[in-house]
Amino acid sequence: MTRALVIAPQWIGDAVMSEPLCARLAARGERLTVAALPWVAPVYRAMPQVQAVIDLPFAHGRLDWSARRQLAATLRGRFDTAYVLPNSIKSALIPFFAGIPQRVGYQGEGRPFLLNRRLPNTGGRPPMVAFYSALAGFPPPKGEHPKLHFDADRLASVTGALGLVPGGYFAFAPGAEYGPAKCWPASHYAELARSLHERFGQPVILLGSGKETTLCEEIAQAAPGACRVLAGKTQLIDAMVLIAAARGVVSNDSGLMHVAAAFGVPQVAAFGSTSPEHTPPLNPRARVLWLKDELQLDCAPCFERTCRFGHTRCLVEMTPARVETALDDALAS
């Protein structure tokens, strides 16, 4: 059995989209250990094919040269192959320092000495599932999509601790780490929450990081009695469980959107500055809304963090009623 180390990407959505690669490697008999930054590691704990997860003790954006060498020393002799998913030089250092015989990845930022099996860089913005899956060494099959899993006991435990029941609430993820040009307006989320609460008598939980607490509180205040703010109050692993057990999910193009897709939850994804042609939710129960063609927006997709025109029409003109109709359709599916 090949002992394989996977160096994970640093974003939640990218981590989710690496699941088909992990599935392919495990299916051919490779025993997988994933090395991931702490805010990404929980994603791999929802992949049954991953045997172990190493939390990397590095700060975001830093080289941490000596720390990488020290960690690599503890890994020496433990792995036969390493798959380096990010394109950065620093992400390839640990497998190199650890002397792992086969080190696989894209050419990236010029890594001829760090990797000994290199794929040529792809141009533009490739579909991420196929981008990662190709590292398995042969063309990925069509139609691959990520799948995450928690057992029923885990769902019942986490929801029960919060006074919730699986399928008895909706979940909104109104933030986006990338920037406000990805975010459907807070007032729209609030209007949708009020309507869902009135129709179904079920709460709407608001999920996100601590940085999104203020945004979620704004939504809750505009929808009295409809929402519970859990942003900043749950670890990522528990937020993932809450998404997996939700009746339906509404989000922006974000990491939690991809989490919902990987659990197959009925969902609506609102796209603004980014493109569903690049990073769609790969879920047959997902409904994607993007107003580029309808509004004839030549600026879309701009991939900007903030709208350079200051109006974000691509999201503001996406009405709550329209998102609710799309959610009803997803639920009916």
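In this predicted model, helices α7 and α10 meet through residues of both elements. Arg 154, Leu 155, Val 158 and Thr 159 represent α7 in this contact. Their partners in α10 are Ile 237, Asp 238, Val 241, Leu 242 and Ala 244. Helix α10 spans residues 236–244. The two helices pack with their axes 9 Å apart. The angle between α7 and α10 is about 105 degrees. Angles of 65 to 115 degrees count as roughly perpendicular, and α7 and α10 are therefore roughly perpendicular to each other.

The loop that joins α6 (128–133) to α7 (152–161) holds Glu 144. Glu 144 is buried, yet it has no salt bridge. Arg 24 provides the nearest side chain of opposite charge, 4.0 Å away. A polar contact of 2.9 Å links the side chains of Glu 144 and Ser 133. Beyond its neighbours within four places in sequence, Glu 144 is in contact with Pro 20, Arg 24, Val 129, Ser 133 and Leu 282.

With neighbours within four places in sequence left aside, Arg 308 is in contact with Cys 299 and Cys 302. Pro 101 lies 207 residues from Arg 308 along the chain. The C-alpha atoms of Arg 308 and Pro 101 are separated by 48 Å.

Definitions and conventions:
Residues are numbered from 1 along each chain as its sequence is written. This is a predicted model: local features need pLDDT of at least 70, side-chain atom pairs count only at pLDDT 80 or more; totals for chains, interfaces and linings use all residues. Side-chain values use heavy atoms; hydrogens and water are left out. Helices (H or I, at least four residues) and strands (E, at least two) are DSSP runs, numbered from the N terminus. Buried means under 20% relative accessible area, exposed over 50%, partly exposed in between (1.4 Å probe, protein chains only). Lys and Arg count as positive and Asp and Glu as negative; His and the chain ends are not counted. A polar contact is a pair of N or O atoms within 3.5 Å; within protein, one must be able to donate a hydrogen and the other to accept it, and residues adjacent in sequence count only if both atoms are side-chain atoms. Contact means heavy atoms within 4.5 Å. Axes are lines fitted to C-alpha atoms, for helices over the stretch in contact, and angles run from 0 to 180 degrees between N-to-C directions. Angles under 35 degrees count as roughly parallel, over 145 as roughly antiparallel, 65 to 115 as roughly perpendicular and the rest as oblique.
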